[in-house]
There are 2 protein chains.
Amino acid sequence: MATGRTHRPATRSRGIPEATVARLPLYLRALTALSERSVPTVSSEELATAAGVNSAKLRKDFSYLGSYGTRGVGYDVEYLVYQISRELGLTQDWPVVIVGIGNLGAALANYGGFASRGFRVAALIDADPAMAGKPVAGIPVQHTDELEKIITDNGVSIGVIATPAGAAQQVCDRLVAAGITSILNFAPTVLSVPDGVDVRKVDLSIELQILAFHEQRKAGEEVGAPRRPRGRFHRRPWRPIARPPAPPAPTAAGKDLTGTCPP
Amino acid sequence: MATGRTHRPATRSRGIPEATVARLPLYLRALTALSERSVPTVSSEELATAAGVNSAKLRKDFSYLGSYGTRGVGYDVEYLVYQISRELGLTQDWPVVIVGIGNLGAALANYGGFASRGFRVAALIDADPAMAGKPVAGIPVQHTDELEKIITDNGVSIGVIATPAGAAQQVCDRLVAAGITSILNFAPTVLSVPDGVDVRKVDLSIELQILAFHEQRKAGEEVGAPRRPRGRFHRRPWRPIARPPAPPAPTAAGKDLTGTCPP
DNA sequence: CCATCTTTGTGCACGCGTTCACAAAGACAT
DNA sequence: ATGTCTTTGTGAACGCGTGCACAAAGATGG
């Protein structure tokens, strides 16, 4: 999951483990799809398949919420949708502000998955005066000067940062000072926030790098044993983009000079 | 982290734990920043702070790569940048295709964080014939019909799916059939792929839902003990957006009717 | 060359998360 | 009412990840 997660002290909130909380939205999505198809009940096995997890894990996850299933039958879809929604806090409406209306910010503003989950885009904020007033996704962009006023007036407690990395910490500080207590950060920076403020981050390039690691490993396996031409014919040659720097030489007179001579 | 991660069998690849692999990009980002400031060496403590992790964790992570530090001094920045880049497979260039050029796809095409890490956008693909030929981020969009040809001609092994949920599985199948072995999925769907294909997912709304959970918990604490007006004055009233469905009644003659009567 | 000081690398213990496997619970048929 | 069959809910075992705490290693100064 591209889901970068921030260093939370792993405090299981009200008895529900973090790992379970992170999966509840998955279950909710699968259940919503079933609900739209008017499926009345679903077994843990079916739902687990639809959500892409193990059925035992799903049952244990649900057991933290309570005993909402019926043995021999399964789970009532509508009832479970409501229980999970309530647990996640989606039975109320959450106004959010998006700061940084570049390509990504605009994409987020247009993203339909927010409104359907109870998240309402209360305002779009950008530092560029030329953007001010310009409508994006039907909402006029407002200038950063208005940030504090927007947040207090609308009672916003969740902020989304989609600015360049250089501006992120500054924006974050202003959001927190204005009363924001949850931040979703798309900027490739580590944000420092006071206690009581939650930060979750999404870094698009990190996910690709993790994929590259495994991809390299798959390609590397081929030079190993049976030399079976797996994949196809489209293996790229190994093209280094940087010379390996020499390992740092010992500061004092090195006792062992082997291995540091250039090839 | 919004990092959604897919149910990998937790196979630690070549001895390096998955959790460590997921953090290597973080270290790399912090090290790159130091490198640009021409900082020669860095201690585990400093680097850990910059990356937002524990210093003991960082040292243990690096120990999986080898002994690249110097006791009493720290780590050589340039050397470590190279070693991590090599481990992640970023010393070669990875062509990627982006399928689905809507708001999000366009944002990804314009995202600068890819090119700087060795990822090259080889092609943009969309199913809308009206998009064909239109340049996005300087690259002309190509039609889905060309998908297989693009992938084989360019030797692409990493694909990014930014289509609507309904089209994702179909696109995924075609990508896999054409030779793609790593997929980054932005569509809110569970993709099923054959063994040997890696999938990582990024779901924007999931991250917000997790934040909402904790936000609700913070608000709920206030009604508890000392009624200290934490936060500020902007607490929203609890506004239910759906009536709680009644729990499923027993099919046969219910022995116990208490608790199912409407309020 | 020796003493001191800094910082790495890691053994160890602990806690969380995952999975197995099964007893208990309820539906359904007879 | 009773038996059978399906599916839940959970106790227990295991493995991974995290953090502590310290010994070893090397730099630095005299």
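This tour moves from the DNA to the helices and then to the sheets, one selection at a time.

## Before you start

The model is predicted: local features need pLDDT of at least 70, side-chain atom pairs count only at pLDDT 80 or more, and totals for chains, interfaces and linings use all residues. Residues are numbered from 1 along each chain as its sequence is written, while chains are lettered from A and ligands numbered from 1 in the order in which they are written.

Helices (H or I, at least four residues) and strands (E, at least two) are DSSP runs, numbered from the N terminus.

## Stop 1: DNA strand C

Select DNA strand C. It is surrounded by 32 residues; a residue counts as near when its C-beta atom, placed from the backbone, lies within 6 Å. The closest are Pro17(A), Arg71(A), Gly72(A), Gly69(B) and Gly72(B).

Now colour by element. Those that give two or more residues to this surface are H1 and helix H3 (55-65) of chain A, plus helix H2 (44-51), helix H3 (55-65) and strand S4 (74-76) of chain B. Which element gives the most to the surface near DNA strand C? H3(B) does, with five residues.

Colour by class next. The surface near DNA strand C has twelve nonpolar, eleven polar and nine charged residues. Ala, Val, Leu, Ile, Met, Phe, Trp, Tyr, Cys and Pro count as nonpolar, Asp, Glu, Lys and Arg as charged, and the others, Gly among them, as polar.

## Stop 2

Select residues 26-65 of chain A. An unreviewed UniProt entry places the feature "DNA-binding region" there. The stretch is 75% helix and 5% strand, and its end C-alpha atoms are 15 Å apart.

Then select residues 89-190 of chain A. UniProt, again in an unreviewed entry, annotates them as "domain: CoA-binding". Here the chain is 28% helix and 28% strand, with the end C-alpha atoms 27 Å apart. UniProt positions follow the numbering used here, feature names are shortened, and annotations may be inferred rather than shown by experiment.

## Stop 3: a helix pair in chain A

Show helix H1 (residues 18-36) and helix H4 (residues 77-88) of chain A. They pack at an angle of about 145°, with their axes 9 Å apart. Axes are lines fitted to C-alpha atoms, for helices over the stretch in contact, and angles run from 0 to 180 degrees between N-to-C directions.

Show the side chains at the contact. H1(A) brings residues including Leu24(A), Tyr27(A), Leu28(A) and Leu31(A), and H4(A) brings Val77(A), Leu80(A), Val81(A) and Ile84(A), among others. Contact here means C-beta atoms, placed from the backbone, within 7 Å. By class, the contact has eleven nonpolar, three polar and two charged residues.

## Stop 4: the three-stranded sheet of chain B

Move to chain B. An open sheet of three strands runs in the order S2-S4-S3, with antiparallel pairing. Two strands pair if DSSP finds at least two bridges between them. At the edges are strand S2 (41-42) and strand S3 (69-70), each pairing on one side only.

Zoom in on S3(B) and S4(B), which pair over two bridges. Thr70(B) stands opposite Gly74(B).

## Stop 5: the seven-stranded sheet of chain B

Select S5 to S11 of chain B. In what order do the seven strands form their open sheet? The order is S7-S8-S6-S5-S9-S10-S11, and the pairing is mixed. S7 and strand S11 (198-201) are the edge strands.

- S6 (residues 119-126) and S8 (residues 139-143) of chain B are parallel over three bridges. Find Asp126(B) opposite His143(B).
- S7 (residues 135-136) and S8(B) are antiparallel over two bridges. Pro135(B) has Pro140(B) as its bridge partner.
- S9 (residues 158-161) and S10 (residues 182-185) of chain B are parallel over four bridges. Gly159(B) stands opposite Ile183(B).

Stop at the hairpin of S7(B) and S8(B). Two residues lie between the strands, and Ala137(B) takes a positive phi near 55°.

Helix H7 (residues 147-154) lies across strand S5 (94-99), S6 and S8, at about 165° to S6(B). Helix H8 (residues 165-177) lies across S5, S9 and S10, at about 170° to S9(B).

Note on methods
Contact = placed C-beta atoms within 7 Å.
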